[in-house]
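I opened my notebook to look through this structure piece by piece. Here is what I looked up, in the order I looked it up.

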Amino acid sequence: MGGPNEVRAKFPSMEEGTKEDWDIIGSHYMPFASKVADRVLDHLRLLDGDYGGFPVDRLEHSLQTATRAHRDGRPDDYVVMALLHDIGDTLGTFNHPDVAAAILKPFVSEKLHWITEKHGIFQGYYFFHHLGQDRDMREGFRGHEHFEDCAEFCEKYDQKAFDANYESAPLEFFEPIVRKVMARPINSIYVNE
């Protein structure tokens, strides 16, 4: 974080920006972007102690989901997706899968992005009928190349991760994995090869 004396661009609107302005901005971008994992981990910690009526708090649910995926031998990007799948609960209460998918999109495959984005509908198979909703809402995606992958994620990891007696790995265990996956975006318009 710079102070009032840091070198900054001079333009009042982007159309008036110069190469010099954008060189200044560019020199700040990578140091800021390199700390995205820290900010994501900090935001994940906001789920600690937030039960929302569930048997475990939202952080423990995330840790259980990721721990189950890790213990099942899933690759690092899958484990990070499992850890962050509900990170949007605080800011995107009405669309949390979209928030998590947007955070993950630069760092994971299209398949893992799709699983994250759709997991809320697929997870509904386990409870929507208790709320007067259609538990088979996910059937609208039947035939999609990642349908079975998302159904499997919810069945094996997400819907099972509310066990108050399960011994999850702590967040500290996952920090290096998150940092590794988020160290280099694979899909971003802001980063050149």
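Which side chain does the side chain of Asp89 join in a polar contact? I found that Arg58 is the partner, with a polar contact of 3.0 Å between the two side chains. For my own records, a polar contact is a pair of N or O atoms within 3.5 Å; within protein, one must be able to donate a hydrogen and the other to accept it, and residues adjacent in sequence count only if both atoms are side-chain atoms.

**Ground rules**

I noted that this is a predicted model, where local features need pLDDT of at least 70, side-chain atom pairs count only at pLDDT 80 or more, and totals for chains, interfaces and linings use all residues. Residues are numbered from 1 along each chain as its sequence is written, and side-chain values use heavy atoms, with hydrogens and water left out.

**Entry: the whole chain**

I counted eight helices and zero strands in the protein chain. Helices (H or I, at least four residues) and strands (E, at least two) are DSSP runs, numbered from the N terminus. The C-alpha trace spans about 55 × 35 × 30 Å along its principal axes. Of the 193 residues, 37% count as buried. Here buried means under 20% relative accessible area, exposed over 50%, and partly exposed in between, with a 1.4 Å probe and protein chains only. I also looked at contacts, meaning heavy atoms within 4.5 Å. Among those in the chain with a separation of 6 or more, 63% are between residues 24 or more positions apart.

**Entry: back to Asp89**

I located Asp89 in the loop between helix H4 (76–84) and H5. Is Asp89 buried or exposed? Asp89 counts as buried because its relative accessible area is 16%. Setting aside neighbours within four places in sequence, I listed Leu47, Arg58 and His96 as the contacts of Asp89. I also checked Ala100, which is 11 residues from Asp89 in sequence and 8.6 Å away in space, C-alpha to C-alpha.

**Entry: His85**

His85 also sits in the loop between H4 and H5. I wrote it down as buried, because its relative accessibility is 0%. Its side chain makes a polar contact with the side chain of His61 at 3.2 Å, and another with the side chain of Asp86 at 3.1 Å. Not counting residues up to four places away in sequence, His85 touches His61, Thr65, His96, Ala100, Thr116, His119, Phe153 and Asp158.

**Entry: helix H4**

How many of the nine residues of H4 are buried? I got seven, so H4 is mostly covered by the cut-off for buried. The buried ones are Tyr78, Val79, Val80, Met81, Ala82, Leu83 and Leu84. Their cover includes H2, H3, H5, H6, helix H7 (147–158) and helix H8 (171–181).

**Entry: pockets**

Rolling a probe the size of a water molecule over the atoms shows where empty space is left. The search uses a 1 Å grid over the protein atoms alone: a cavity is a set of points where a 1.4 Å probe fits but cannot get out, and a pocket is an open set with protein on both sides within 12 Å along at least five of seven lines; lining residues have an atom within 4 Å of a point. The largest pocket has a volume of about 730 Å³. Grid points are joined across faces, edges and corners, and a volume is the space filled by probe spheres set on the points.

I saw 26 residues lining the largest pocket, with Phe54, His96, Gly120, Gln123 and Phe127 nearest its centre. H6 gives the largest share of the lining, five residues. By class, the lining of the largest pocket has 10 nonpolar, nine polar and seven charged residues. (Ala, Val, Leu, Ile, Met, Phe, Trp, Tyr, Cys and Pro count as nonpolar, Asp, Glu, Lys and Arg as charged, and the others, Gly among them, as polar.)

The second largest pocket has a volume of about 340 Å³. Of its 20 lining residues, Tyr29, Ala33, Val36, Phe107 and Pro185 are the closest to its centre. That lining divides into 13 nonpolar, two polar and five charged residues.
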